[in-house]
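Please study the model shown below before reading the report. Each section takes up one topic and may be checked against the display.

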Amino acid sequence: MLRLEGKFAVLEEISPKYFQPVIEWRNDKSLNRFLNQPFELTPELERRWYEEVYLRDETQCLLIILDKATATPLGTKGWTDFDAEKRQCISGRLLFGNEKFARHPAFTEGILLAYDYTFARADVQYSHVVEENFKSAEHIKKFGFVENTGEVQYPAELLVNGMRQREYFCTREMYLAARKKFERFFDRR
């Protein structure tokens, strides 16, 4: 099980002990408007996905972002479709679930830890954002992503559950350039 640690955040791979907060966040109407989940998530559905899909698929990862000082779950970050040969993946699964930690450095550092990990293994990452989700589009741009105006890499991701999405991408170099603005707060090197 993957575990990443920074100054303020710890990321732990999803396991049954984190099902409850993930279920609550994914069912929260104020958080799930743009999620690709057109149903109410239940403990049974989460367990079935975890056992029958997640544990059998080495191309994906779902990380729980925790506040390091209190071990409080804050949100999620992860990826799917990791292709070692092409050195690329789809970055996503970003969900901030704990409003008590708004503006706390652990969430941003958790995102950086995840990107540091994936960009050590991938040269490019793609992300898909619902067209009306301006907040998420602006958020990923802070980490170096730009809209893909060239050939779409994951056409099946452009229309999911009736939601039109735009494809963004970020190379390792783009990420490292964007990461510099965070280094004074989070540099672990």
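This is a predicted model: local features need pLDDT of at least 70, side-chain atom pairs count only at pLDDT 80 or more; totals for chains, interfaces and linings use all residues.

Strand β3 covers residues 61–67, and seven of its seven residues are buried. The burial applies to both faces of the strand. Cys61, Leu63, Ile65 and Asp67 lie on one side, Leu62, Ile64 and Leu66 lie on the other, and all are buried.

Strand β3 pairs with two strands discussed here. Strand β2, residues 9–13, runs antiparallel to β3 and is joined to it by five bridges. Within this pairing, Glu13 has Leu63 of β3 as its bridge partner. Strand β4, residues 73–83, is also antiparallel to β3, with six bridges between them. Here Leu66 has Pro73 of β4 as its bridge partner.

## Two residues with positive phi

Most residues other than glycine have a negative phi. Ala71 is not a glycine, yet its phi is positive, at about 60°. Ala71 belongs to the turn of the hairpin formed by β3 and β4, which have five residues between them. Ala71 is partly exposed, because its relative accessible area is 49%, a value between the limits of 20% and 50%.

Arg87 also has a positive phi, near 55°, and is a residue other than glycine. Arg87 is located in the loop between β4 and β5, the latter being residues 88–96. With a relative accessibility of 28%, Arg87 counts as partly exposed.

Is Asn27 buried or exposed? Asn27 is buried, since its relative accessible area is 14%, and buried means under 20%. Asn27 is part of helix α1, residues 19–27. Leaving aside residues up to four places away in sequence, Asn27 touches Asn32, Gln37, Phe39, Glu40 and Leu41.

Asn133 lies in the loop between β6 (124–130) and α4 (134–141). Asn133 counts as buried because its relative accessibility is 12%. Asn133 and Glu183 are separated by 50 residues in sequence, and their C-alpha atoms are 27 Å apart in space.

## The cysteines

A disulfide is a covalent bond between the sulfur atoms of two cysteines. How many disulfides does a search of the whole structure find? The search finds zero. For Cys89, the closest cysteine sulfur is in Cys61, at 10 Å, so the two are too far apart for a bond. Cys170 is likewise in no disulfide: the nearest cysteine sulfur, that of Cys89, is 11 Å away.

Solvent accessibility can be described for both of these residues. Cys89 counts as buried, because its relative accessibility is 0%. Cys170 counts as buried as well, with a relative accessibility of 0%.

## The second largest pocket

Rolling a probe the size of a water molecule over the atoms shows where empty space is left. In this model, the second largest pocket has a volume of about 250 Å³. The residues that line this pocket are Glu13, Tyr54, Leu55, Asp57, Glu58, Gln60, Cys61, Trp79, Phe82, Tyr117, Thr118 and Arg121.

What is the make-up of this lining by class? The lining has six nonpolar, two polar and four charged residues. Strand β4 and helix α3, residues 105–119, each supply at least two residues of the lining.

How values were computed
Residues are numbered from 1 along each chain as its sequence is written. Side-chain values use heavy atoms; hydrogens and water are left out. Buried means under 20% relative accessible area, exposed over 50%, partly exposed in between (1.4 Å probe, protein chains only). Helices (H or I, at least four residues) and strands (E, at least two) are DSSP runs, numbered from the N terminus. Two strands pair if DSSP finds at least two bridges between them. Contact means heavy atoms within 4.5 Å. A disulfide is a pair of cysteine sulfur atoms within 2.5 Å. On a 1 Å grid over the protein atoms alone, a cavity is a set of points where a 1.4 Å probe fits but cannot get out, and a pocket is an open set with protein on both sides within 12 Å along at least five of seven lines; lining residues have an atom within 4 Å of a point. Grid points are joined across faces, edges and corners, and a volume is the space filled by probe spheres set on the points. Ala, Val, Leu, Ile, Met, Phe, Trp, Tyr, Cys and Pro count as nonpolar, Asp, Glu, Lys and Arg as charged, and the others, Gly among them, as polar.
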